[in-house]
Amino acid sequence: MTANTLQRRQFLGQGLAAALVPAPALLCLGNAGAAEPWPARPIKWVVPFLAGTAPDTTARIIHEAVGRELGQPVVIENRGGVGGNLGARQVAKAAPDGYTWIYSSAPMAASMHMYKAPGYDALKDFQHVMGLTSADIVLIVNAASDIRTLDDLLAKARSAPGKLDYASGGVGTPSHLGVELLLSTVDVQVTHVPYKGASEIVNAVMGRQVTFGAPIFSVAYSNIQAGKLRALAIAGTRRNPKLPQVPTLTELGVRGVELTSWGGVSVPAGTPEPIVARMRAAFEKALRQPAVIAALEEQGGMVTPMDAEAYRRNFTKEMLLTEAMMKKAQIEPM
């Protein structure tokens, strides 16, 4: 064997050995999962309330359209309990990989003041992707009641302090804090009876278990239309187009009680921005689809998209409003 032949074989052997050893940089990228496109598997969207509640209904109207945009199923998981805190805690601790979302809403912000230890921070533990929808709060009584106006309700409450009662969807929900703000503003005393969601408010009022309630408009609308409930007032900033004959509280002389229920989508803090941006684009496209808009409006909701910064400001505003309402209504944190 000549010297040239031996050198050639040694060179080829060294080259083959080098080719069989992966480069350290490539191993690092592979181990980090950077080569995996997102989303590569189904996504879980946690709704921190029971099935059939307004947040659940809203998420179920939207999730399929978003899944089609992303090319992967978006699966709704209901995780109700403790005013939405159980679901929020679960998502706050989830991996920030884009595969766990939460239907975030006003109660998540309210919990920062309603509970001494909610188990998460609504601003620090989440990246708020965008706001999706909003809905009015409506003051209702049984349609067979002799209470026909807000003035009737207030007169009856003043004639028997503490004897009337109202249903809420739970401590700290808009249906609770909103009514307490109303009561403190008009200086009347009424007994609070907490239930487990807006649909139970409607059932309690229709069953005459309580005198009145203030659920999300979308949950009460069908029974108002059916003549089973009477709407006394809208707690929003303008009349609802589905019930244009019903005045706002402001029109009735009650100022400073302008409430809406709102919701959106959030992910654990630290989720990569490219994932968040793709999520946002998918939701924006879904909210422009006529079928989605029609279904949300049929439920009494309104498509009100907010960018990430505006949605985050919504959380801050709600936290300050909750703190003020609790102080005015003399409600202590749980």
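How much space lies in the second largest pocket? The second largest pocket holds about 480 Å³ of space, and the largest pocket holds about 690 Å³. The model described here is predicted.

**Largest pocket**

- The lining of the largest pocket consists of 45 residues, and those nearest its centre are Phe49, Thr53, Pro55, Gly197 and Ala198.
- Two or more lining residues come from each of helix 3, strand 3 (100-105), strand 4, helix 7 (174-186), helix 8 (198-206), helix 9 (217-225) and strand 10.
- Helix 3 gives the most to this lining, with 4 residues.
- Sorted by class, the lining of the largest pocket has 22 nonpolar, 22 polar and 1 charged residues.

**Second largest pocket**

- With about 480 Å³ of space, the second largest pocket is lined by 31 residues, and the closest to its centre are Glu258, Leu259, Thr260, Trp262 and Lys317.
- At least two lining residues each are supplied by helix 5 (106-114), strand 4, helix 7, strand 10, strand 11 and helix 12 (308-329).
- Helix 12 gives the most to the lining of the second largest pocket, with 6 residues.
- By class, there are 14 nonpolar, 12 polar and 5 charged residues in the lining of the second largest pocket.

- Strand 4 (residues 126-136) and strand 10 (residues 260-268) run antiparallel and are joined by 9 bridges.
- Alanine 135 has serine 261, in strand 10, as its bridge partner.
- Strand 4 and strand 10 are among the elements that line the largest pocket, and both also supply residues to the lining of the second largest pocket.

**Salt bridges**

- Arginine 60 and aspartate 56 are separated by about one helical turn, because they are 4 residues apart in helix 3 (residues 54-70).
- Arginine 60 is partly exposed, with a relative accessible area of 37%, whereas aspartate 56 is buried, with a relative accessible area of 4%.
- Aspartate 146 forms a salt bridge with lysine 156, and their closest N and O atoms are 3.1 Å apart.
- Aspartate 146 sits in the loop between strand 5 (138-142) and helix 6 (150-159), while lysine 156 is in helix 6, so this pair ties together parts that are 10 residues apart in sequence.
- Aspartate 146 is exposed, at a relative accessible area of 56%, and lysine 156 is partly exposed, at 35%.
- Another salt bridge links the side chains of arginine 280 and glutamate 273, at 3.9 Å from N to O.
- Arginine 280 counts as buried, because its relative accessibility is 18% and buried means under 20%.
- Glutamate 273 is partly exposed, with a relative accessible area of 42%.

Note on methods. Residues are numbered from 1 along each chain as its sequence is written. This is a predicted model: local features need pLDDT of at least 70, side-chain atom pairs count only at pLDDT 80 or more; totals for chains, interfaces and linings use all residues. Side-chain values use heavy atoms; hydrogens and water are left out. Buried means under 20% relative accessible area, exposed over 50%, partly exposed in between (1.4 Å probe, protein chains only). A salt bridge is a side-chain nitrogen of Lys or Arg within 4 Å of a carboxyl oxygen of Asp or Glu. Two strands pair if DSSP finds at least two bridges between them. On a 1 Å grid over the protein atoms alone, a cavity is a set of points where a 1.4 Å probe fits but cannot get out, and a pocket is an open set with protein on both sides within 12 Å along at least five of seven lines; lining residues have an atom within 4 Å of a point. Grid points are joined across faces, edges and corners, and a volume is the space filled by probe spheres set on the points. Ala, Val, Leu, Ile, Met, Phe, Trp, Tyr, Cys and Pro count as nonpolar, Asp, Glu, Lys and Arg as charged, and the others, Gly among them, as polar.
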